[in-house]
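Student: I would like to go through this structure and ask what lies behind each label.
Tutor: Go ahead.

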Amino acid sequence: MQLQVALDDITPGRGIQVITEVGEYADIVEMGTGFLLMNGFHPIGVFKELFPEKLILADTKIMDGGYHIAKTALEAGADIVTVCACTERATVADVIRAAHDFGKEALVDLIALDDYEAMADMMNELGADYVCAHMSTDTEGVNNQKEFFTRLAGAHFNAKLSIAGGIRLDNVNDIRQYAPDVLIIGRAVADAANPREAARIFKEGK
């Protein structure tokens with residue numbers, strides 16, 4: 001299992017500190033949606049230069065202009081770009097095409113969708129590299145997390161599975177049963193008293 005550390009409500013300088021602290025435990029460094037909106041695409045290249053051994057994911061959550069926006073992020077240094085599954089099929093296809101044209105990867109975010117099984121055929125047909133079962137920050141206090149992740153049981157994606165949203169040290173072992181390829185952690189690492197130890201536990205277990 002890979003660990004993706006998400007940088008969201010954080011400055012680029014603090015983000016560099018966090019990734020330096022977590023060391024080898026972070027496989028993927030996520031430039032979060034809010035992070036990109038506040039700082040633009042320039043930090044993508046900065047992080048790629050500082051941490052060349054890490055995969056850099058630009059959480060663009062593209063809804064329109066798929067090829068152009070994905071291309072811009074990839075040219076900035078991203079290894080993975082993201083698109084929302086709830087947008088037009090053509091947009092999803094264009095983001096995946098752009099990523100593959102650059103020899104990179106695309107993640108399709110299933111945020112705001114209830115029926116993962118219904119999405120599996122389309123994701124498999126379009127050739128998504130990752131799909132993300134994602135509980136949004138705004139609904140973490142409302143949704144039942146067990147019910148949320150149980151939706152994965154009937155879905156058969158060819159893509160690698162990422163899981164995100166409300167994952168903490170006290171519930172991560174419950175989430176491991178869904179055998180994610182990538183575990184996405186934001187605040188629970190970035191805001192931890194000891195980010196390196198938190199990342200180690202998320203990656204390796206206690």
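Student: Which residues is Asp 64 in contact with, leaving aside its neighbours within four places in sequence?
Tutor: Asp 64 is in contact with Ile 69 and Thr 91, where contact means heavy atoms within 4.5 Å. This is a predicted model: local features need pLDDT of at least 70, side-chain atom pairs count only at pLDDT 80 or more, and totals for chains, interfaces and linings use all residues. Residues are numbered from 1 along each chain as its sequence is written, and side-chain values use heavy atoms, with hydrogens and water left out.

Student: Why does Asp 64 count as exposed?
Tutor: Its relative accessibility is 58%. Exposed means over 50% relative accessible area, buried under 20%, and partly exposed in between (1.4 Å probe, protein chains only). Asp 64 therefore counts as exposed.

Student: What makes Cys 84 buried?
Tutor: Its relative accessible area is 5%, so Cys 84 falls under the 20% limit.

Student: What about Cys 132, which is in no disulfide?
Tutor: For Cys 132 the nearest cysteine sulfur is that of Cys 84, 10.0 Å away. Cys 132 is called buried because its relative accessible area is 2%.

Technical notes. Disulfide = S-S within 2.5 Å.
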